[in-house]
Amino acid sequence: MKKIFAAAAAVVLAAAGAIYTVHASGAEAARWEHAVFAQDDQQGGHFQHHVVGRVMAHVARELKLTEAQQTEIRAVFAAERQNVLPLLQRLHEARQQYDSVNAPGGFDEAKARAYASRQAETIAELLVAKERVKSKVYAVLTPEQREKANTMHERFAARVHEHFHGAGL
């Protein structure tokens with residue numbers, strides 16, 4: 001289940017034009033944590049919640065979001081959470097099923113292709129959800145904030161690329 005919340009965090013970070021540093025006050029972070037992860041979360045993942053909350057608070061501060069903008073963006077995340085969590089759950093459950101019927105070292109190409117096809121459909125839905133959130137968030141931003149968000153996202157993407165490219169991946 002923690003993988004599900006890590007993936008949810010990744011979707012949220014990407015949708016918000018994620019950034020590379022994490023510095024925010026606890027109160028700001030808590031408000032974002034609550035917006036992204038509703039109180040009905042019984043599965044833990046507190047580390048992911050904390051990190052996402054802090055990142056979102058940092059993004060809000062860097063973009064100089066007004067309280068009204070923050071409220072509107074939190075509402076976007078809260079609404080989309082209802083769409084994304086079942087998709088993440090589907091990914092997680094399909095992986096568990098696949099792992100339970102495939103012995104380590106065993107390979108059944110037909111099963112692998114069927115699994116990959118099902119997962120691809122779910123991942124496609126997650127990508128659409130990410131773009132939907134991004135579009136709604138960008139609609140709340142001023143032109144200057146959009147430009148800053150794009151710059152922040154480009155820096156983040158470059159760092160991720162450098163990290164993985166430097167690791168030979």
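The largest nonpolar core in this predicted model holds 17 residues, and L63, L65, I73, F77, V137 and L141 have the most contacts inside it. A nonpolar core here is a set of buried Ala, Val, Leu, Ile, Met, Phe, Trp, Tyr and Cys residues joined through side-chain atoms within 4.5 Å, where buried means under 20% relative accessible area, exposed over 50% and partly exposed in between (1.4 Å probe, protein chains only). Two or more residues come from each of α3 (46-63), α4, α5 and α6 (143-166), with α3 giving the most, at 6 residues. Helices (H or I, at least four residues) are DSSP runs, numbered from the N terminus. Apart from this core sits another one, of 7 residues, including V84, L87, L126 and A129.

On to the aromatics. Rings of Phe, Tyr and Trp (its six-membered ring) pair if their centres lie within 6.5 Å; planes under 30 degrees apart are stacked, over 60 edge-to-face and the rest tilted. That rule turns up 1 aromatic pair. Y98 and Y115 count as stacked because their ring centres are 4.3 Å apart and their planes meet at 15°. The pair ties together distant parts of the chain, 17 residues apart: Y98 belongs to helix α4 (residues 67-101) and Y115 to helix α5 (residues 109-140). Both partners are buried, Y98 at 18% relative accessible area and Y115 at 12%.

There is also a charge over a ring (NZ of Lys or CZ of Arg within 6 Å of the ring centre and within 35 degrees of the ring normal): the charged end of K134 lies over Y138, 5.9 Å from the ring centre.

Residues are numbered from 1 along each chain as its sequence is written, and side-chain values use heavy atoms, leaving out hydrogens and water. As the model is predicted, local features need pLDDT of at least 70 and side-chain atom pairs count only at pLDDT 80 or more, while totals for chains, interfaces and linings use all residues.
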